[in-house]
Amino acid sequence: MTQDVELARRPLPVIIALSAAVSCFLVWLIYFKGRVAEPAWVGALPACNALFNSLSAICLVCGYVQIRRGNRLVHMRFMLSATVFSTLFLASYITYHFFHGDTHFPGHGWIRPVYFFILISHIGLSIVALPLILATLWYALRSQFRFHRRVARWTFPVWLYVSVTGVLVFAILRAYTT
Ligand code: HEM
């Protein structure tokens with residue numbers, strides 16, 4: 001194995017352990033912790049989550065367009081902005097589920113399988129997205145661009161799918177619960 005590859009593999013155990021810990025925490029928070037008395041402002045958080053996901057998706061697309069045009073600095077700025085918006089989303093999502101727990105979907109008929117397909121693929125890919133994002137950022141910030149590019153080609157579509165489906169889940173839930 002070349003020294004390059006060995007160096008690139010070094011952070012992976014930490015990245016994977018950290019991502020697994022975050023995923024386990026979220027499963028506990030949403031499905032096992034149970035609800036606590038909910039202040040009124042918590043009702044506004046799902047809309048904030050959708051906003052952060054939309055902004056993240058927009059930054060991802062802009063960042064991708066910029067790197068295809070060879071604009072590395074603007075690419076970096078958009079991708080770091082996408083990271084900030086996704087971090088804000090995660091903070092807002094954790095706060096919401098701290099109070100709210102699991103969300104019941106009341107829809108019936110054709111929308112039910114559509115909703116659950118989107119939701120399950122969204123959750124499944126968000127578990128994969130976290131280590132991909134961390135590895136992509138790590139390689140970029142260490143100027144290991146050969147590895148950055150290799151991982152980023154997976155990170156970009158997975159992250160974009162997770163952001164866009166996050167907004168879709170919110171929109172469908174809103175349409176069926178109000
Ligand atoms: C986690 C967020 C990021 C994602 C999803 C991402 C995504 C990508 C993708 C998909 C490519 C390959 C484009 C192609 O097909 O040619 C790429 C290349 C590149 N990215 Fe990022 N990027 C991210 C963050 C960054 C950051 C923070 C920097 C700067 C420090 C950066 C610098 C670069 C450079 C210089 C290339 C060109 C590499 C080469 O062609 O050898 N990226 N990025």
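This is a predicted model: local features need pLDDT of at least 70, side-chain atom pairs count only at pLDDT 80 or more; totals for chains, interfaces and linings use all residues.
Local features are given only where pLDDT is at least 70 and side-chain atom pairs only at pLDDT 80 or more, while totals for chains, interfaces and linings use all residues. Residues are numbered from 1 along each chain as its sequence is written.

**View 1. The protein chain as a whole.** The secondary structure comes to six helices and zero strands, where helices (H or I, at least four residues) and strands (E, at least two) are DSSP runs numbered from the N terminus. Along its principal axes the C-alpha trace spans about 55 × 35 × 30 Å. Of the 178 residues, 22% are buried, a residue being buried if 20 or more other C-beta atoms, placed from the backbone, lie within 10 Å of its own, exposed if 12 or fewer do, and partly exposed in between.

**View 2. The crossing of helices H3 and H6.** The axes of H3 (residues 45–68) and H6 (residues 145–177) come within 8 Å and cross at roughly 150°; axes are lines fitted to C-alpha atoms, for helices over the stretch in contact, and angles run from 0 to 180 degrees between N-to-C directions. H3 is therefore roughly antiparallel to H6, a label for angles over 145 degrees. Contacts, meaning C-beta atoms placed from the backbone within 7 Å of each other, involve residues including Pro46, Ala50 and Tyr64 of H3 and Phe156, Trp159 and Phe170 of H6. The residues of this contact divide into eleven nonpolar, six polar and no charged, with Ala, Val, Leu, Ile, Met, Phe, Trp, Tyr, Cys and Pro counted as nonpolar, Asp, Glu, Lys and Arg as charged, and the others, Gly among them, as polar.

**View 3. The shell around the ligand.** The ligand is surrounded by 20 residues, the closest being Met76, Met79, Thr136, Ala140 and Ala152, where a residue is near a molecule if its C-beta atom, placed from the backbone, lies within 6 Å of it. Two or more residues each are given by H3, H4 (72–100), H5 (111–141) and H6, and the largest share, seven residues, comes from H6. By class, the shell has twelve nonpolar, five polar and three charged residues.

**View 4. The surroundings of glycine 101.** Glycine 101 lies in the loop between H4 and H5 and is partly exposed, because 17 other C-beta atoms lie within 10 Å. Leaving aside neighbours within four places in sequence, glycine 101 is in contact with Ile30, Lys33, Gly34 and Arg35.

Methods: Angles under 35 degrees count as roughly parallel, over 145 as roughly antiparallel, 65 to 115 as roughly perpendicular and the rest as oblique. Two residues are in contact if their C-beta atoms, placed from the backbone, lie within 7 Å.
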